[in-house]
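Here are my notes on the model, as numbered points. Please read them with the structure open.

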Amino acid sequence: MFSTDNALTFLTDKIRFNIDKGLYTGVVLLDLQKAFDTVDHDILLAKLRATGADDSSVNWFTSYLCNRKQFVFANGAVSDNEFIKCGVPQGSILGPLLFTVYVNDMCRDVLSDLYLYADDSMLLVSGKSVTEIEKTLTEEMHKLNNWLQSNKLSLHLGKTESILFGSKRKLKKASSLNIWCNNVKLEAKSSVKYLGAEFDQDMSGKTMGNSI
């Protein structure tokens with residue numbers, strides 16, 4: 001498994017390469033609602049089989065995921081134990097790996113670049129026309145939203161952000177994106193945080209430098 005350093009280096013090189021070619025790069029950072037908690041066990045086990053896991057391995061994961069119970073303690077009161085019907089254990093070594101298996105086929109439903117790192121995902125489109133980038137990303141968001149619903153996941157549209165990268169000269173012509181999903185306009189940002197790193201629209205690094 002690659003580290004966040006590898007993922008950030010690859011992303012930075014991609015955006016800078018596009019800037020050097022005189023292109024814009026439009027990005028949507030996806031925010032999934034309670035991603036690890038809403039993984040459907042039946043769908044996950046089916047996907048494990050599809051990846052080539054044998055019956056013994058699938059049975060082991062079934063035992064690991066199913067028949068877990070949880071309770072709530074609040075103000076001195078304890079609720080009844082209830083079976084956990086979905087989700088993967090957070091804070092575990094297997095949690096991010098199982099979530100990656102769960103969303104690994106998401107890229108089949110889109111034509112644009114889709115970068116997946118556990119529950120940190122982004123759509124990336126480059127081109128000379130901001131209008132075309134907006135159109136493509138809006139269409140791709142519609143496809144992704146359908147995939148998420150089919151897999152019992154959902155987007156937090158209030159936290160899903162867009163950003164337009166480019167040279168300072170090109171950003172003077174267009175400085176933000178107009179992306180819609182489910183009749184909600186995604187917030188357009190001048191800088192975003194991804195895997196702990198801050199990215200400015202012109203890739204100057206000023207925002208991250210100032211925060212340090």
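1. Val192 has Phe199 of strand 13 as its bridge partner. Strand 12 (residues 191-194) and strand 13 (residues 197-200) are antiparallel and pair over four bridges; pairing requires at least two bridges found by DSSP. Strands here are DSSP runs of E with at least two residues, helices are runs of H or I with at least four, and both are numbered from the N terminus. Two residues separate strand 12 from strand 13 in this hairpin, and Leu195 in the turn has a positive phi of about 50 degrees.

2. On sources: this is a predicted model, in which local features need pLDDT of at least 70 and side-chain atom pairs count only at pLDDT 80 or more, while totals for chains, interfaces and linings use all residues. Residues are numbered from 1 along each chain as its sequence is written, and side-chain values use heavy atoms, with hydrogens and water left out.

3. There are four aromatic pairs in the structure. Phe10 and Tyr115 make an edge-to-face pair, because their ring centres are 5.6 Å apart and their planes stand at 75 degrees. Phe10 belongs to helix 1 (residues 4-20) and Tyr115 to strand 6 (residues 113-117), so this pair joins distant parts of the chain, 105 residues apart. The criterion covers rings of Phe, Tyr and Trp (its six-membered ring) with centres within 6.5 Å; planes under 30 degrees apart are stacked, over 60 edge-to-face, and the rest tilted.

4. Are the two partners buried or exposed? Phe10 is exposed at 53% relative accessibility, whereas Tyr115 is buried at 15%. The cut-offs are under 20% relative accessible area for buried and over 50% for exposed, with partly exposed in between (1.4 Å probe, protein chains only).

5. Trp60 and Phe61 also pair edge-to-face, at 5.2 Å centre to centre with 90 degrees between the planes. Trp60 is partly exposed, at 47% relative accessible area, and Phe61 is buried, at 16%. Together with Tyr64, Trp60 and Phe61 form one aromatic cluster.

6. Which residue lies over the face of Tyr64? Arg68 does, at 4.9 Å from the ring centre. Likewise, the charged end of Lys47 sits over the ring of Tyr102, 4.7 Å from its centre. Such a contact requires NZ of Lys or CZ of Arg within 6 Å of the ring centre and within 35 degrees of the ring normal.

7. Val78 lies in strand 4 (residues 77-78) and is exposed, with a relative accessible area of 54%.
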